Amino acid sequence: MMTMILAYNAVLLSFASGLLALLSNQRAMLMALSQRYLTSDFHYPRCRKFLDRILEENRHASLHRRAVFVLLGLSGVFAVLAGLAVMMGQDSLTDQIGLGLPWLPWHVRFDGLSGFFYLIIGIGVIAVSLYGPAYVAFYQESQNPFAVLGLFTGLFVGGMLLVLLADDAFFFMIAWELMSVASYFLVAFQHEHSANRRAAFIYLLMAQVGALAIILSFGVLASFSDGFTFDALRQATLSPTWASIAFVLALLGFGMKAGIVPVHVWLPEAHPAAPSHISALMSGVMLKVAVYGLIRFCFDLLGELQWQWGVVLLVLGTVSAVGGILYAMMQPNLKRLLAYSSIENIGIIFMVLGLSMIFMANGHPQLAALGFLAALFHAFNHSLFKNLLFLGAGILQHQTHDLNIDTMGGLIQRMPQTSFLFLVGCMSISSLPLFNGFVSEWLAFQTALQVDVLDNGVLRSLIPVSAAALALTAALAAACFVKVFGMIFLGLPRSRNSEKAQEVKDKSMLYGPALLAGLCFFFGIFPNLIINLLNGVAKQLLGQSLPNDTALSWLWLAPVSANKVSYSPPMVLVGVLIAGGISFWYLRRNLETKTMRRAAAWDCGFGGLTPRMQYSCSAFTMPFRRIFARVWLIDERVDKEMQGAMDMEVKAVHYHLQVQDHSWPRLYQPITHGVNQLAKQVGRIQTGNIRVYLGYSFVTLILMLWVIS
Amino acid sequence: MTWLLAIFQTLLFVALAPLLAGWLKWCKCHLQNRQAPSLLQPYRELLKLTRKQPVVAEHASWIFTRAPYIIFSATVLAASIVPLIAVDLPTAAIADVIVLVGFFAFARFFLALAGLDIGTAFGGMGSSREMTISSLAEPAMLMAIFTLTMTASTTNLSFAIVHVLNEGLVLRPSFVFALFALMLVAIAETGRIPVDNPDTHLELTMIHEAMILEYSGRHLALIEWASQVKLMLYGVLIANIFFPWGIAQGFSIQALAYGLLAIIVKLALLAILLSISETLLAKMRLFRVQEYLSFAYLLGLLGMLSHIILEASR
């Protein structure tokens, strides 16, 4: 029960932070009024003083912002505690809240799976609320009021937490909509730019279409059972066809939210539009809620899994992973790049979930548990490093007033702390050993390599190919984030803004990213802490734990069996430290050559190296653009401006590059076209003639009478 | 005792790497009718470099000066998990072959960053090309390795080698494909002809050299040494996975000496093979490398399919 209270507290505190944001904006005015009228008969000097200090012109706004974020942070802390408690406790708690429809109170259930996602949300929210106060100070109150931002952030976080608690379809949808709609307002927060309004509209549209698909999938399940509670839905027995229909609808609905290709287009639009700490929450946390929805629906409610669904997930996941990272590589806008990279990571999660489903349906529940665990661990890792990178992007935007990678450069000298934190994020997302991203990909590979137990020849050859695609994804991700870090932080500054950039003044902005970077490294070295928790979740949900869960000590990671595969991150760390330390010590023992001599970089003897001679973002990715040319819609032009007597002298050369997503012309434009056509056809019956309309009413009336009689 | 042996094997690995590079150069010189430098020349060069004071570009950051140590230690760690003269050493359990690929990725990540750090066009060009080639080579390499690991049903190198040893001399079509795939990948990853030319300093053709153009002194020594270790690593992988005979399965002095002899002979033969191919082939255009690597991937895929269709137990 204690756990339940913690969980409720997390929700209530997030709502409270939203309300506080809204309320105290009004109260500032009221207090000022009361101050004016209460001067004569107000006798408590201490209280007076306190009020005065709070209401002081300059400090009030910042104090208030801090208070709102403190509440939000507390909500995160409670979420982490609740999540940990329920995962340790290994049982599921149920409850009912007397809200909602009269015959259907809100059913609440808090089990290991919800607890794990509670943990993900909690960590994200804590990091964001450490970071938030300094970041939002940047917005002008008149144009972008804090009340709106704070209110919807609170509602958004509360909505996400409620989704995890829901145990009936109605409650689930209410919470889901709360999350979607609140985040719509956050995307539309900087509505003065038309691009942001468009992004928000696309987001809302797709969120609603997705919600419709989810409602329909619940409807399919509910029509085979007697009620809308998840318990009733679990009991439903469906024919394979209907189960597949429910699965496809759920995949569409949750996939739209998660951003799986080809229903991903809202992501790269909405993430750059939202404020950075919100994009961090949306990308790091909200996409995971969609993954939660899919897991809950397929692994928990739907009952018997079919291996074909696993193949669908595997293929979609592979396409999203490879496509996402290839698109990410081409983006010059940092936040768009990160959004596409989220698509990649969600793709990896879906891929491993698909593997898990395939193993489950073929009667290998232990291997299914391995895949399930790899997927959840990757979701956790992604929430850490993607949050970190988005918060870093926010700092960069704050300090250089730009998000275009091509205009940055050399920031490692000017922003050493930010650059270090960002480097940690880049290393974990590129899945390098010693960082958390690597562990989950390693587990994913291990799952894929267990394919030998399957009988189906197609699956046996499909899965290794998708594992190779995963390897391609990892290598491309490394290339992409080498580019990101190299272009932003290394080299020479490419613009005045980045030349003048400085480290953030308010160091509290670095605490959030520092927390996340620390966790990325910590869980890269001691992944077993999370894996042990997840093992419990798998036991609860799939009824199976890892093949070799006795061998999980803090030192060794040997999920299948100790004499088959093992990986020991702490020992790798020790090895690297020893090797690096010895070489460092040995080579610098000579005092004469210990200090390095600084000299100008080699310029081939021509002199005058300028920042414009450096490789740019589009130059770095040029080989990829040629090799994978078919993947994008590339519009590349070189315009020469001529001058002189015969117009033969080149005055200036303009290089123009635009990379577009295939899904717009292939999928969405036909749909919009079709909808417009349909609307035109429907428009024909609206003649504008009153007699025709009266005729319609008459016919309808007759029809109704005929139906009734 | 086994730990000591493991550490000894790692040290031996790192110490022998320049010798392999020297032997390779020697073979190549003789094949090309040139006078060969002494076999110990790479050692002399490394020693000379460590004695010199490094010169670093003005605006180089800590990434540039620390990267050589990171690259070197990642490569040494990779060397420590690959069985050289004996199997069943405790270091082999620290990490499996997927982590080995991860170590290479780690070293490469920092090498590419160091290339970008100075802000000259050379570094950027090298980094961009290196990342392109490696991202194509990595799936091909894993495809070849998966064939092996599925046969041996383990990703631990030591166990896999023992498995191959126990099977005896069997001709497996999947292994033949995987061997060729891994050889092609090894050439690409270690920057040899026809993908990259380690001896050139012509800007249009170089990849690895372009990235490390700004390095000097001990930094250069570390990077050069690391790339020699990497070359040897690929050699040992090919030699010990596909032709493991001779490797010590026990820890007696005799077995170990025999294992050392075996690996030296195997590596010497592989180096002769490499030097012949380097003499016969010309470096190819950068945008032909994708075809080369997709061919390697295709070979790996064929190996995998032939394992599944022809050799699997059911």
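H4(A) passes H20(A) in a left-handed crossing. The model is predicted, and every value here is computed from it.

**Helix pairs**

Helix H4 (residues 112-136) and helix H20 (residues 508-525) both belong to chain A. They pack at an angle of about 155 degrees, with their axes 6 Å apart. Angles over 145 degrees count as roughly antiparallel, and H4(A) and H20(A) are therefore roughly antiparallel to each other. H4(A) brings A:Ile123, A:Ile126, A:Ala127, A:Leu130, A:Tyr131, A:Ala134 and A:Tyr135 to the contact. H20(A) answers with A:Ser508, A:Met509, A:Tyr511, A:Gly512, A:Pro513, A:Leu515, A:Leu516 and A:Leu519. By class, the residues of this contact are 13 nonpolar, 2 polar and no charged.

The next pair joins chain A to chain B. Helix H18 (residues 457-489) of chain A and H5(B) have axes that come within 8 Å and cross at roughly 150 degrees. That angle makes H18(A) roughly antiparallel to H5(B). The crossing is right-handed. On the H18(A) side, the contact residues include A:Pro464, A:Val465, A:Leu472, A:Leu476 and A:Val482, along with alanines, among them A:Ala467, A:Ala468, A:Ala471 and A:Ala475. On the H5(B) side they include B:Met131, B:Ser134, B:Ser135, B:Glu138, B:Leu142 and B:Phe146. The contact of H18(A) with H5(B) counts 17 nonpolar, 2 polar and 1 charged residues.

H4(B) and H9(B) pack at an angle of about 155 degrees, and their axes are 13 Å apart. H4(B) and H9(B) are therefore roughly antiparallel to each other. Their crossing is left-handed. B:Leu100, B:Phe104 and B:Leu111 of H4(B) meet B:Ile223, B:Lys230, B:Leu233, B:Tyr234 and B:Leu237 of H9(B). The contact holds 7 nonpolar, no polar and 1 charged residues.

| Helix pair | Angle between axes | Distance between axes |
|---|---|---|
| H4(A) and H20(A) | about 155 degrees | 6 Å |
| H18(A) and H5(B) | roughly 150 degrees | within 8 Å |
| H4(B) and H9(B) | about 155 degrees | 13 Å |

**Largest pocket**

The largest pocket holds about 1,000 Å³ of space. It is lined by 45 residues, and those closest to its centre are B:Arg192, B:Pro198, B:Glu209, B:Glu224 and B:Ser227. Eight helices of chain B each supply at least two lining residues: H1 (2-31), H2 (41-51), H3 (62-81), H4 (97-117), H5 (121-152), H7 (173-189), H8 (208-211) and H9 (217-242). H9(B) gives the largest share, 8 residues. The lining of the largest pocket divides into 20 nonpolar, 11 polar and 14 charged residues.

**Second largest pocket**

The second largest pocket has a volume of about 850 Å³. Of its 30 lining residues, A:Ala579, A:Ile582, B:Leu11, B:Val14 and B:Val76 are the closest to its centre. Both chains contribute: helix H22 (569-587) of chain A and H1, H2, H3 and H9 of chain B each give two or more residues to the lining. The largest share, 10 residues, comes from H22(A). The lining of the second largest pocket has 23 nonpolar, 6 polar and 1 charged residues.

How values were computed. Residues are numbered from 1 along each chain as its sequence is written. Chains are lettered from A and ligands numbered from 1 in the order in which they are written. This is a predicted model: local features need pLDDT of at least 70, side-chain atom pairs count only at pLDDT 80 or more; totals for chains, interfaces and linings use all residues. Side-chain values use heavy atoms; hydrogens and water are left out. On a 1 Å grid over the protein atoms alone, a cavity is a set of points where a 1.4 Å probe fits but cannot get out, and a pocket is an open set with protein on both sides within 12 Å along at least five of seven lines; lining residues have an atom within 4 Å of a point. Grid points are joined across faces, edges and corners, and a volume is the space filled by probe spheres set on the points. Helices (H or I, at least four residues) and strands (E, at least two) are DSSP runs, numbered from the N terminus. Ala, Val, Leu, Ile, Met, Phe, Trp, Tyr, Cys and Pro count as nonpolar, Asp, Glu, Lys and Arg as charged, and the others, Gly among them, as polar. Axes are lines fitted to C-alpha atoms, for helices over the stretch in contact, and angles run from 0 to 180 degrees between N-to-C directions. Angles under 35 degrees count as roughly parallel, over 145 as roughly antiparallel, 65 to 115 as roughly perpendicular and the rest as oblique. A crossing is left-handed if the near helix is turned anticlockwise from the far one by less than a right angle, and right-handed if clockwise. Contact means heavy atoms within 4.5 Å.
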